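Okay everyone, thanks for coming.

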Number of protein chains: 2
Amino acid sequence: MPIVAESEARQTAERALVRAGVPAENARLQVDLWLDADLRGVPSHGLLRLDRLAERLAAGLIDPKATGTQEWRGSSYLLVDGENGLGPVVANAALDAVTARARETGIALAAIRNSQHLGMLAWYTERIARDGQAAIVLSTSEALVHPWGGRHAMLGTNPISIAVPTGEADPFVMDTATSRVSMGEIHDYANRGEAIPPDWALDARGDPTTDPQAAKAGAIAPFGDAKGYALGLAFELLVSALSGAALGTDVHGTLDAVHPCNKGDVFIVIDGPKTAGLSAYLELIRAAVPASGFDRVLVPGERGRAKRAERMASGVPIADAVWQRIQHLAQGAPTAEQVTS
Amino acid sequence: MPIVAESEARQTAERALVRAGVPAENARLQVDLWLDADLRGVPSHGLLRLDRLAERLAAGLIDPKATGTQEWRGSSYLLVDGENGLGPVVANAALDAVTARARETGIALAAIRNSQHLGMLAWYTERIARDGQAAIVLSTSEALVHPWGGRHAMLGTNPISIAVPTGEADPFVMDTATSRVSMGEIHDYANRGEAIPPDWALDARGDPTTDPQAAKAGAIAPFGDAKGYALGLAFELLVSALSGAALGTDVHGTLDAVHPCNKGDVFIVIDGPKTAGLSAYLELIRAAVPASGFDRVLVPGERGRAKRAERMASGVPIADAVWQRIQHLAQGAPTAEQVTS
């Protein structure tokens, strides 16, 4: 797998998006989000996604300039129609509004529909927490997860990220899907020809399978059985009720190249969290005696952050086909729009 | 186990609290909360808790009249010092303020410290959702849960409840701890002399155990391994940062009879959720073909609600010792305060 210098990956990917018709500033945001995932070791949310976005742009499913229409429902609740804009572009415009508003009101919420894939939620929550605010972010996706006790996918992977400033150099940031694993991990097992563990997924008929190929046509289990299902379902309902997003198998457009994207995102920003005692508590956790089979007790988010620091210096592994495709797109002819505008 | 008529259980328990010095209106709230848990089949959060609260009242750890001191930090963020008041009394006063405020601002938050055990979170969120608002509630507790990869309890059971109006007669309500099981369930296994499953808990040395007696002195696993740990830790930090509550092993007072209670609670109330499509989606889930080994696919909260309806009619099972103790307390001599006031 090629190891690409961070700056080269960034510039090449930005150029590819600009060639595809994305304004430079929006390409910068979108690539920063993807690259942050690759740097942290989450390639499923990284530059891998560029090719599909370029396809969606070419198909006219995305307005690469749109920042969304913002409507305040009360002083602390921002409802956003993303107007088919890029996920991080629409979200950033909304966050500019709600982080400022939360400084006045204490808490503010943005609920977004009709924008593209939000990407790795930690990218958003980490920045909010670095500015001294706490954040809770929810997002929905295509139905990939079966209800606990069900046979077929009826829920998104519905991730949650929470970030809290701690008084340490870096905030606490957790970010997890409510699925047992990501579909990307199942694809990785399929590519390696390895069996998946028996509790990860069901096949297309809804029976347990250890065959990753069968699982790709089936449904992923919710994490933590009934409890993770309850959380994932709560997020599905809450995000839809607040943003107007679609539900369950009606959700499309974060993975395919043919449907407008109708999932939803919810950002809750809370001002003025206190940091007293948080670092001391985290230090106790880091210093805790590990259980047998563990080297140490981890604080969520810290392994990815360490990997990011290392890769900023030494380069980012990017799958060969992904990197070749990005280079190809970056060198392509300018689009008709670029020629005429 | 005695089956007690709902009204008899309610009146007797209210009388016991009034005898212990609780104003009648506050006793009514506290008993309604407990009894709702018994009705739904969650006795660990039910009238079982009355005896310990009476002990805490006798020890002067509780101000049964306190409704808390409320301070607005911005228009949408209410910070509450519970002043050692009863959990539901302080929370209800805060909810009166933030549910009204959310109708103006779209979203409002209450963060509470220094009040007694909040009890079953679904009691709060269900009522908020019946009034047409969405709710997210978090609460912390004594450290009973080990970090993933750790040996000793360093986190509370840190439950979350989310409720969303759906357009159906009843709102969607989920309520789950971030622990694998409750300490109450482990006590139940111990009382029956049965082994617990191997992934539920660690013993006092931090080694896996199937002996419930050993688990009682040890730590409960987080649900869903690393993911549930990440969520539980996020809630621990967020609740403390927003409310000023203690953290980890510094948290006391929801279980013992000697410490002031210093855990925290966070209520987020969101106004104006839309119900379009929610009921149709839930109907699809209820009608889904169950996996092998399952009778049907459940929507979280509905089994408890059905049990509650049944027990409202046919009576509530209450453990013999619990019911005898409540009857004894209800018949006891009035307290000194009642004689003099």
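Let's start with Gln30(B), which touches Leu17(B), Leu53(B), Leu86(B), Gly87(B) and Pro88(B), leaving aside residues up to four places away in sequence. Touching, or contact, here means heavy atoms within 4.5 Å. Gln30(B) sits in helix H2 of chain B, residues 24-40. Helices (H or I, at least four residues) and strands (E, at least two) are DSSP runs, numbered from the N terminus. Is Gln30(B) buried or exposed? With a relative accessibility of 3%, Gln30(B) is buried. Buried means under 20% relative accessible area, exposed means over 50%, and partly exposed is in between, using a 1.4 Å probe and protein chains only.

Quick housekeeping. This is a predicted model, so local features need pLDDT of at least 70 and side-chain atom pairs count only at pLDDT 80 or more, while totals for chains, interfaces and linings use all residues. Residues are numbered from 1 along each chain as its sequence is written, chains are lettered from A and ligands numbered from 1 in the order in which they are written, and side-chain values use heavy atoms, with hydrogens and water left out.

Now the sheet. Chain B has an open sheet of seven strands, in the order S2-S3-S4-S10-S5-S6-S7, and the pairing is mixed. Two strands pair if DSSP finds at least two bridges between them. At the edges are S2 (69-72) and S7 (172-176) of chain B, each pairing on one side only. On average, neighbouring strands in this sheet are turned by 10° against each other, direction ignored. For angles like that, axes are lines fitted to C-alpha atoms, for helices over the stretch in contact, and the angles run from 0 to 180 degrees between N-to-C directions.

Helix H5 of chain B, residues 122-130, packs on this sheet and touches S5 (134-139), S6, S7 and S10 (264-270) of chain B. The direction of H5(B) makes about 15° with that of S6(B).

Let's zoom in on some strand pairs. S3 (residues 77-85) and S4 (residues 107-115) of chain B run parallel, joined by six bridges. There, Asp81(B) stands opposite Arg113(B) of S4(B). S4(B) is mostly covered, with seven of its nine residues buried. By contrast, S6 (residues 160-164) and S7 of chain B pair in the antiparallel sense, over five bridges. In that pair, Ser161(B) stands opposite Asp175(B) of S7(B).

Asn158(B) isn't a glycine, yet its phi is positive, about 35°. And Asn158(B) is buried, at 0% relative accessible area. Asp225(B), in helix H8 (residues 225-243) of chain B, also has a positive phi, near 55°. This one is partly exposed: Asp225(B) has a relative accessible area of 35%.

Last stop, two helices. At what angle do H3 (residues 50-58) and H11 (residues 320-331) of chain B pack? The angle is about 40°, with the axes 9 Å apart. So H3(B) and H11(B) are oblique to each other: under 35 degrees counts as roughly parallel, over 145 as roughly antiparallel, 65 to 115 as roughly perpendicular, and the rest as oblique. The contact is made by Leu50(B), Asp51(B) and Ala54(B) from H3(B), and Arg325(B), Ile326(B) and Leu329(B) from H11(B).
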